[in-house]
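Colleague: Could you walk me through how to read a few features of this model? I have the sequence and the structure open.

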Amino acid sequence: MLASTVTGAPLQEQGRAKVNLTLRVVGRRGDGSHDLESVVAFADCADQLTLVPGPELTLTTTGPLAAACGETSDNLVLKAARLLAESVPGLKLGAFELEKVLPVAAGIGGGSADAAAALRLLARLNGLSLDDPRLQAVALKTGADVPVCVPSRACTMTGVGENLQPLALPVLPCVMINPRVPVATKDVFQALGLKPGDLLVGVTDVLTAPSWPTAGASIGDWVSALDQVKNDLEPPALKVQPIIGTVLGALRASHGVLLARMSGSGATCFAIYGSEADANAAGAQISADHPEWWVHAGTLS
């Protein structure tokens, strides 16, 4: 896992927050993993990852939420880099610096987005394509949400996260809220209670699944389609962390809201609005009412 001894100019990538606009749990496989169907979008808020090429693989964390990252040795940035170094002989590595602004254990794939940013940086440094099967395999091995975060484009995600199909999603004005309470994904799936081999989605459900709007569709078209499919992890997550219900209530009571629900396994929730002005106003009001919450008003795409 030795890197080149030559240092170079810093390279930078963003780890954009992932938002699950829908999330169906199809069932649980025999190996314990869950089959999912999700419409995924990416927000305009992001962690920043910098790579300075050099002889050693290291990671330092900065930013307002650096302390929440935990032990550096457990960080997915290092995990992804080490796995790629095992797969690509002579891989050039270096020193990573992660500016952490996204909440952790929040259902928005912050750690996965950071790992995907690390893979993009290493691909740039080593002249690898993002479609390189070794990089793709490493992404999935690093974590189920990492493959979708590598391109960071709106898509449908199925299987355990490995099957991606792009979507022509318009820019969606949004507000994202995290109550600064971490929620462990394993606790939410445990509350869902599926045993290996159990199915939540049957054949008739698959046959009646909505077809997603095509290029040029309006925000209203998308909200109508998204409203047909929920987040199956929302009810168990509410049992694990009831404050999610308070967050959803604040979003659903805001002016101009078209759709509000939880992302991923929580506790981050989001709302879609008809205009950026409505989203900005709602974000400002909720921030004033709940200064203890992490609130971001922006866009999804």
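**Reading the model**

Modeller: Let's begin with Leu 259, whose place is in strand E9 (residues 257-262). Helices (H or I, at least four residues) and strands (E, at least two) are DSSP runs, numbered from the N terminus. This is a predicted model, where local features need pLDDT of at least 70, side-chain atom pairs count only at pLDDT 80 or more, and totals for chains, interfaces and linings use all residues. Residues are numbered from 1 along each chain as its sequence is written, and side-chain values use heavy atoms, with hydrogens and water left out.

Colleague: Is Leu 259 buried or exposed?

Modeller: Buried means under 20% relative accessible area, exposed over 50%, and partly exposed in between (1.4 Å probe, protein chains only). Leu 259 has a relative accessible area of 6%, so it counts as buried.

Colleague: Which residues is Leu 259 in contact with, leaving aside its neighbours within four places in sequence?

Modeller: Contact means heavy atoms within 4.5 Å. On that basis Leu 259 touches Val 223, Leu 226, Asp 227, Phe 270, Ala 271 and Ile 272.

Colleague: And why does Pro 291 count as exposed?

Modeller: Because its relative accessibility is 64%. Pro 291 lies in the loop between helix H10 (276-289) and strand E11 (294-300). Pro 291 and Pro 179 are 112 residues apart in sequence, yet 9.7 Å apart in space, C-alpha to C-alpha.

Colleague: How do I read two packed helices?

Modeller: Two packed helices are described by the angle between their axes and the distance between the axes. Axes are lines fitted to C-alpha atoms, for helices over the stretch in contact, and angles run from 0 to 180 degrees between N-to-C directions. Here, helix H1 (residues 76-87) packs against helix H3 (residues 133-142) at about 140°, with the axes 9 Å apart.

Colleague: Which residues of H1 and H3 meet?

Modeller: From H1 come Leu 76, Lys 79, Ala 80, Leu 83, Leu 84 and Ser 87; from H3 come Arg 134, Leu 135, Val 138, Lys 141 and Thr 142.

Colleague: Which residues of H1 are buried?

Modeller: Val 77, Leu 78, Ala 80, Ala 81, Leu 83, Leu 84 and Ala 85 are. Their cover includes strand E3 (34-53), strand E4 (58-62), strand E5 (94-99), helix H2 (110-126) and H3.

Colleague: How many bridges join strands E6 and E7?

Modeller: Two strands pair if DSSP finds at least two bridges between them. Four bridges join E6 (residues 155-159) to E7 (residues 163-166), and these strands run antiparallel. Cys 155 stands opposite Pro 166 in E7.
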